[in-house]
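Please open the structure in a viewer and keep the selection panel at hand.

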Amino acid sequence: MSVVQRMTSNKASSAALTFELVAKCSTTRARASILTLPHGPVNLPIFMPVATQASLKGITPEQLESTGCRLCLNNTYHLGLKPGQEVLDAVGGAHKLQGWKHNLLTDSGGFQMVSLLKLAKVTEEGVRFLSPHDGSPMLLTPEHSMSLQNSIGSDIMMQLDDVLVTTHPDKARMREAMERSVRWLDRCIKAHKNPDRQNLFCIIQGGLDLEMRRECCREMVARDTPGIAIGGLSGGEAKDDFCKVVATCTELLPELKPRYVMGIGYPEDLVVSVALGADMFDCVWPTRTARFGNAITKHGVLNMKKEQYAKDFGPIEDGCGCPCCRPVDQEGAIGVTRAFVHHNSAKETVAAHLLTIHNVWYQLHLMGGARDAIIADKFPAFVKEFFNNLYPDRKSYPSWTVNALKTVGIDLFDS
């Protein structure tokens with residue numbers, strides 16, 4: 001019996017979510033699954049683009065849909081400030097506000113403890129902010145975070161957690177944050193008004209302390225939320241440490257629940273994290289780097305502002321299937337050239353617009369390729385091809401990728 005056949009019966013459901021494990025890699029911990037949410041099915045593993053304030057900067061919902069995206073992010077903190085809860089309630093939630101008929105995930109607002117630390121104070125009650133817009137005070141409690149996310153109407157809601165950068169030197173404060181995150185999850189569960197149509201995910205904290213992460217995993221798993229996130233990473237920690245945290249947590253998490261590593265977006269991070277057993281990822285990097293004139297390709301990031309592209313009339317990436325790169329005679333294709341992007345990258349927003357479409361498509365289809373390889377049980381070969389394209393000289397493979405992949409049975413130097 002094939003791997004795929006063995007896995008097709010592995011399904012678990014909660015009130016607003018069904019998770020079906022379709023296949024597992026026979027070498028690594030990589031998984032392929034289907035996550036069914038109130039606004040439709042989502043194939044995992046997946047990269048989720050970030051529409052912080054209910055839009056991806058520079059592209060329309062229809063263009064985002066054309067990339068294959070079926071789950072993207074909004075930010076609770078920012079939407080709570082503007083347009084505000086009253087407007088969200090009046091319009092009927094963020095799906096209607098932004099014209100998006102597919103799934104949404106909302107960050108609880110907890111990450112702003114890190115990004116706006118100078119404007120925030122954390123107590124057991126919640127987080128007090130000064131608005132970056134007008135300096136007015138705002139208290140974000142677990143209860144208020146749930147209320148805002150209920151008004152937003154996201155398909156996946158994140159608990160409010162106490163977030164510290166993983167490199168925070170105070171171990172006692174790290175433990176306080178981990179334990180508080182567990183207590184805040186209990187308050188979030190109690191305050192959540194729409195469990196029949198919105199899914200609340202818990203967030204595992206604990207910094208780089210693996211035993212603390214294990215302890216948090218046990219506490220969070222006991223709360224039986226529909227999905228589980230690994231939080232607090234992408235905070236400047238060494239990549240080897242990042243991988244150890246992901247591997248430690250995924251090893252302890254239930255097989256029939258989605259596993260979300262928050263804030264991860266570089267292609268190497270995605271591929272390695274999938275190998276370590278994670279399913280979902282998000283980051284602003286693909287869209288942000290597009291606004292600096294950068295195109296993500298299988299051979300690395302191309303700075304389209306460079307003069308070498310001024311007379312290059314090829315597509316952004318040869319063989320790419322995104323609307324920008326496909327030949328203009330194909331349906332829905334734009335047929336953009338590198339020369340056109342170069343010409344506009346320094347002075348017109350259209351270049352950022354086109355590169356955003358391309359970069360989001362690349363990230364989504366990188367994960368789609370990983371999924372296909374897992375189902376075919378060819379994931380190790382997929383990983384090796386990915387790194388060979390990105391680093392033609394094997395000597396330049398990042399050591400952390402080599403080390404992490406060895407722990408799950410892939411030797412990048414074994415051809």
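Which residues in H3 meet which residues in H6? Select Thr76, Leu79, Gly80, Gln85, Leu88 and Asp89 in H3; their partners in H6 are His144, Ser145, Ser147, Leu148, Gln149, Ser151 and Ile152, with contact taken as heavy atoms within 4.5 Å.

The model is predicted: local features need pLDDT of at least 70, side-chain atom pairs count only at pLDDT 80 or more, and totals for chains, interfaces and linings use all residues. Residues are numbered from 1 along each chain as its sequence is written, and side-chain values use heavy atoms, with hydrogens and water left out.

Next, display helix H3 (residues 76–91) with helix H6 (residues 142–152): they pack at about 60 degrees, their axes 9 Å apart. Helices here are DSSP runs of at least four residues, and strands of at least two.

Now select Asp107 and Asp282, where UniProt, in an unreviewed entry, places the feature "active site"; such annotations may be inferred rather than shown by experiment. They span 176 residues in sequence, yet no two of their C-alpha atoms are more than 10.5 Å apart, so they gather at one spot.

Centre on aspartate 107, in strand E7 (residues 103–107). At 14% relative accessibility, aspartate 107 is buried, the term for under 20% relative accessible area with a 1.4 Å probe and protein chains only. Among the residues that aspartate 107 touches are Thr76 and Gln149.

Finally, move to aspartate 282 in strand E15 (residues 280–282), buried at 9% relative accessibility. Its side chain makes a polar contact (2.7 Å) with the side chain of tyrosine 260; such a contact is a pair of N or O atoms within 3.5 Å, where, within protein, one must be able to donate a hydrogen and the other to accept it, and residues adjacent in sequence count only if both atoms are side-chain atoms.

Key. Buried < 20%, exposed > 50% of the residue type's maximum accessible area, 1.4 Å probe, protein only. Axes fitted to C-alpha atoms, helices over the stretch in contact; angles between N-to-C directions. Lists of a residue's contacts leave out its neighbours within four places in sequence.
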